[in-house]
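Here are a few notes to go with the structure, written as numbered points. Have it open while you read.

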Amino acid sequence: MNKLLQLSLLCLGILAFSQKNKTAKTNTISHKNPSTLFDPTPFAFSHSTTNNTEGQYVFISGQSGGEDLDHHLSADFRTQVKYSLKNLEAVLKEYGLGVKDILKITILIVDHDQEKLKIWSEEMHNTWQHNNFPASTLIPVPRLALDGMMIEVDAIAFLKK
């Protein structure tokens, strides 16, 4: 076999192996919404999620709507919601994950009301564009850790081995 053909076969083998490894990192999270319960997708969550493969859980601390390294908190609730989701995505990215890899989120909202729920749901739909939402719990609270903080979102994601 000539050297050019050997090199070509070696490159094809390396390419095939690298593609296999990329596929191996793809999560297969299952979302379940029993037909005996109400449809939660308009409210941007699933009744349950699971992952039946080997891997590790990634526990993400509560992410606020703080902007940039200075952690500026806007007085606008929607802006804080957008940044809390953006900050969550930044942590996920450190593991090579995205929002599709989140199994469960918990949302804490100061002085929760129906308008804030509407904003939260709209931004969740913007972030999870295929309606495969994580399991979710929203907890109204009177206050969060910092003055001016209106929302905090923590998450549990799954990293497939």
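1. Start with K118, which is partly exposed, at a relative accessible area of 44%. Keep in mind that this is a predicted model. The side chain of K118 meets that of E122 in a salt bridge, 2.9 Å from N to O. E122 is partly exposed too, with a relative accessible area of 27%. Both residues sit in helix α3, four residues apart, or about one turn of the helix.

2. Now for the helix itself. α3 covers residues 114-127, and at 1.5 Å a residue its 14 residues should span 20 Å; the C-alpha atoms at its ends are 20 Å apart, so the two agree.

3. Which residues of α3 are buried? They are K116, L117, I119, W120, S121, E123 and M124. These pack against α2 (77-94), β4 (102-110), β5 (135-141) and β6 (151-160).

4. R78 is partly exposed, at 24%.

5. How many salt bridges are there? The count comes to five. One of them joins the side chains of D147 and R143, at 2.9 Å from N to O. D147 counts as exposed at 62% relative accessibility, while R143 counts as partly exposed at 49%. Elsewhere, shared partners link R78, K118, E122 and E123 into one salt-bridge network.

Conventions. Residues numbered from 1 in each chain as written. Predicted model: local features only at pLDDT ≥ 70, side-chain atom pairs only at ≥ 80, totals over all residues. Heavy atoms only, no water. Helix = DSSP H or I, 4+ residues; strand = E, 2+ residues; numbered from the N terminus. Expected span 1.5 Å × (residues − 1). Buried < 20%, exposed > 50% of the residue type's maximum accessible area, 1.4 Å probe, protein only. Contact = heavy atoms within 4.5 Å. Salt bridge = Lys/Arg side-chain N within 4 Å of Asp/Glu carboxyl O.
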